[in-house]
Amino acid sequence: MTLDGEALEQLRKRARSGGADKYHAANAAKGKLFARERVALLVDEGSFVEDGLYANALAEGLPADGVVTGTATIDGRQVCLMANDSTVKAGSWGARTVEKIIRIIERAYGAGVPMVYLVDSAGARITDQVDLFPGRRGAGRIFWNQVRASGSIPQVCALFGPSAAGGAYIPAFCDVVALVDGNASMYLGSDRMVEMVTGEKTTLEAMGGARVHTAESGVGHFLCKTEADALDVVKTYLSYLPANWTQSPPAAPAVAAPAKADLAALVPASERQAFDMRRYVRGLLDEGSFFEIQALWAKELTIGFGRLDGQVVGVVGNNSMFKGGVLFVDSADKATRFVQLCDAFNVPLLFLSDVPGFMVGSAVEKQGIIRHGAKMITAISEATVPKICVVVRKAYGAGLYAMAGPGFEPDATIALPTAKIAVMGAEAAVNAVYANKIAAIPDEAERAAFVAAKRAEYEQDIDVVRLASELVVDAIVEPHDLRTELVRRFAAAGTKDRHFSRRRHGVTPV
């Protein structure tokens, strides 16, 4: 086929226009943008270079084979991206769709730049399954490449519509996923398939909607009101990370902490009284820099990126506002993944401890709390980035270990004057040791006096000054000096040796 300029322009126009007008109108009615509009909103103007525009150009009704792929810059930094076009057979995958996605991930990995997935796809085209599913360059190769790239380059997904069946694993293999409320969904089987196979009657939204995955399953990380919000999440997330594992996170101009932040006033004197660790984090970091991740899931643990004097840090903090800050199965998983993410991309870790320990009881034991806790402690142990443990109020039991306590080679363990480190709290300890004796004291006043005396002895035994004198903690720091202390200590740890163990890899207790 010989093309003149006009014919080529017509071919190009058809490829870029997507599917039929009725599909564009249906998407617009749901508040959904065209795939190419999403790309234009995300990347720097004029920076997008497209690959595979003419994929399946000889077929009828398959412009670009339903996926847009190419390279661009975001805030001046190079990225690779793919965007499903849901106006073309609902964004489903054909053989060339799969090949385009594989090629762009391979390019991102080879170039050492972030990979962005803008997902809106009904899954594989069953009619094309032999061409796209089983072979060496079939759909499985997408996931193989994602796994190979994991921890090597940042991978971030914005989900605007369905991510169905095997396609649901594209978001699952990404570092983080932003979902648009009301439109985004992830599921392995449709509601019709679920009813046919199991008899359960459900809906896509109830089974795999954005709120389910950001608040219940933990597969999603950000619940977004609009598509523009989801694209902003992608930009913000990438702004905290290097292009690849060999580089350092991008620094920003130093910004002071909020002028009105009084860290001492935020921590109640009584450990029975809850406080919001998120407020504490915002008061400690550069003003406006805290970017919380998975804010709706496992809320007893707060995680996210921020900056100290312009330098990126990852924060892991116990939040007593939710479940007393106790670590559960989900919060252990939440911490594990975030710690691994930070370690992969050279982001120093700041642990803010106010933890009673791991949850106990038959329910969590049946859920595998020991296994999940071991997984979290494994991640803490293996992390070789600079890491500092700050005991804000308490670190009891294995909670001390899970929050990078002294035995896990933190670059410093810092205690605030309010800090307590012990196997358990005073009340539980006294009851554990003296339960029988307490029960044997008939007089109520005498019994109360005995308990109070034993608690006082216990408190003295775990006194923070004693812990400092025994070199359990490296420093006792006043709250108003904590930020300056952290800036200096992270700077000193920046050139540390990051070797951990003589081995290929550990056997993670998943």
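I call a residue buried under 20% relative accessible area, exposed over 50%, and partly exposed in between (1.4 Å probe, protein chains only). This is a predicted model, where local features need pLDDT of at least 70, side-chain atom pairs count only at pLDDT 80 or more, and totals for chains, interfaces and linings use all residues. Residues are numbered from 1 along each chain as its sequence is written, and side-chain values use heavy atoms, with hydrogens and water left out.

Salt bridges. I took a salt bridge as a side-chain nitrogen of Lys or Arg within 4 Å of a carboxyl oxygen of Asp or Glu. The count comes to 24.

I checked R211 and D181 and found their side chains in a salt bridge at 2.8 Å, N to O. R211 is in helix α10 (residues 210-217), while D181 is in the loop between β6 (176-180) and β7 (185-187), 30 residues apart. Helices here are DSSP runs (H or I, at least four residues), as are strands (E, at least two), numbered from the N terminus. D181 is partly exposed at 26% relative accessibility.

Next I looked at R393 and D354, which pair at 3.1 Å, N to O.

Helix α3. Which residues of α3 (residues 35-42) are buried? I get A35, R36, R38, V39 and L42.
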